[in-house]
Amino acid sequence: MAERVALVTGGTRGIGAAISKGLKEAGYKVAANYGGNDEAAQAFKAETGIPVFKFDVGDAAACEQGIRAAEAELGPIDVLVNNAGITRDGMFHKMTFEQWQAVIRTNLDSMFTCTKPVIDGMRARGFGRIILISSINGQKGQMGQTNYSAAKAGVVGFAKALAQENANKGVTVNVIAPGYIATEMVKAVPEEVLKSKILPHIPVGRLGEAEEIARAVEFLAGEQAGFITGSTLTINGGQYFH
Ligand code: NDP
């Protein structure tokens with residue numbers, strides 16, 4: 001088997017960085033995308049040797065260009081991990097349309113913009129793995145996150161439809177729905193809220209580790225996961241069963 005090529009969006013920090021590193025260790029040629037934090041991206045590149053590609057996942061033209069640049073360096077993308085995401089929390093009655101749109105753009109429009117440039121190639125080559133990072137809060141809804149919950153639930157619908165369209169072409173499409181994982185996104189939650197409102201609801205009794213999401217991505221990316229498509233893998237320490 002030729003060395004498979006993987007692209008991880010938001011692959012330079014947090015969960016995405018763990019996914020990029022995990023796939024590299026598993027033998028993939030990996031490209032890591034990021035949005036704006038050059039310092040973090042350069043530090044990640046220096047640490048891992050993984051090439052980084054800066055483009056906004058909400059911008060279709062930028063994605064097309066950025067993904068072609070990654071392919072020119074590494075070869076056609078076999079595994080796409082749509083991981084980049086943001087939050088702009090607020091109660092809906094106070095939420096601005098800008099907050100709404102920013103989250104829909106980065107977390108849901110990105111499903112279109114990042115998948116579109118790779119889907120034809122995957123179909124033509126008869127192999128592809130598309131792995132989408134949703135969230136527990138897309139499954140159960142979360143107060144203060146109407147925008148994020150809507151986007152992350154949308155990811156699941158996208159996966160189910162795309163999975164059916166591509167099942168007979170060797171291309172699988174699956175979702176991972178993490179619970180609370182110890183990354184900067186979650187560390188931004190005040191310690192008090194974490195202790196009183198989040199940890200008591202996680203039966204395993206701790207936050208998840210980014211590496212625990214990365215292991216699941218490696219599994220779904222593998223040759224032997226070809227009969228798994230359209231599914232959502234919940235990884236949340238027993239907090240919620242969809
Ligand atoms: P981080 O904030 O730690 O990292 C986000 C990554 O996404 C960064 O690499 C960032 O790039 C990139 N990114 C953000 N916006 C854009 C953009 N417009 N274009 C390109 N790249 C972008 O997030 P996490 O690792 O915590 O989250 C990763 C994914 O997992 C997200 O989709 C999130 O919603 C989901 N998730 C996270 C959970 C958690 O507990 N942490 C729980 C459930 C789901 P840059 O460094 O340039 O900003």
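Student: Which residues are closest to the ligand, and how many surround it?
Tutor: In this predicted model, the ligand is surrounded by 30 residues, and Gly 10, Gly 14, Gly 35, Asn 37 and Gly 85 are the closest.

Student: Which elements give two or more residues to that shell?
Tutor: Those are helix H1 (14-25), strand E2 (29-34) and helix H7 (184-187).

Student: And how do the shell residues divide into nonpolar, polar and charged?
Tutor: You get 12 nonpolar, 15 polar and 3 charged residues around the ligand.

Student: Which residues make the contact?
Tutor: From H1 there are Gly 14, Ile 15, Ala 18, Ile 19, Gly 22 and Leu 23. H9 brings in Ala 210, Glu 211, Ile 213, Ala 214, Arg 215, Val 217, Glu 218 and Ala 221. Gly 14 also turned up among the closest residues to the ligand.

Student: How does the H1 and H9 contact divide by class?
Tutor: That contact has 9 nonpolar, 2 polar and 3 charged residues.

Student: Switching topic: what about H4 and H6, at what angle do they pack?
Tutor: About 15°, with the axes of H4 (residues 97-125) and H6 (residues 146-166) 9 Å apart. That angle makes H4 roughly parallel to H6.

Student: And the hand of the crossing, left or right?
Tutor: Right-handed, as H4 passes H6.

Student: Which residues of H4 and H6 are involved in the contact?
Tutor: On the H4 side, they include Trp 100, Val 103, Ile 104, Leu 108 and Met 111. Among those on H6 are Tyr 148, Ala 151, Val 155 and Phe 158. By class, the contact has 9 nonpolar, 5 polar and 2 charged residues.

Student: Zooming out, how many helices and strands does the protein have?
Tutor: There are 9 helices and 7 strands.

Student: Why is the protein as compact as a globular protein of that length?
Tutor: Its radius of gyration is 17 Å, close to the 18 Å that the globule rule gives for 242 residues, so the protein is as compact as a globular one of that length.

Student: What box do the C-alpha atoms fill?
Tutor: Roughly 50 × 40 × 35 Å, taken along the principal axes.

Methods. Residues are numbered from 1 along each chain as its sequence is written. This is a predicted model: local features need pLDDT of at least 70, side-chain atom pairs count only at pLDDT 80 or more; totals for chains, interfaces and linings use all residues. A residue is near a molecule or strand if its C-beta atom, placed from the backbone, lies within 6 Å of it. Helices (H or I, at least four residues) and strands (E, at least two) are DSSP runs, numbered from the N terminus. Ala, Val, Leu, Ile, Met, Phe, Trp, Tyr, Cys and Pro count as nonpolar, Asp, Glu, Lys and Arg as charged, and the others, Gly among them, as polar. Two residues are in contact if their C-beta atoms, placed from the backbone, lie within 7 Å. The radius of gyration is taken over C-alpha atoms; the globule rule is 2.2 Å times the number of residues to the power 0.38. Axes are lines fitted to C-alpha atoms, for helices over the stretch in contact, and angles run from 0 to 180 degrees between N-to-C directions. Angles under 35 degrees count as roughly parallel, over 145 as roughly antiparallel, 65 to 115 as roughly perpendicular and the rest as oblique. A crossing is left-handed if the near helix is turned anticlockwise from the far one by less than a right angle, and right-handed if clockwise.
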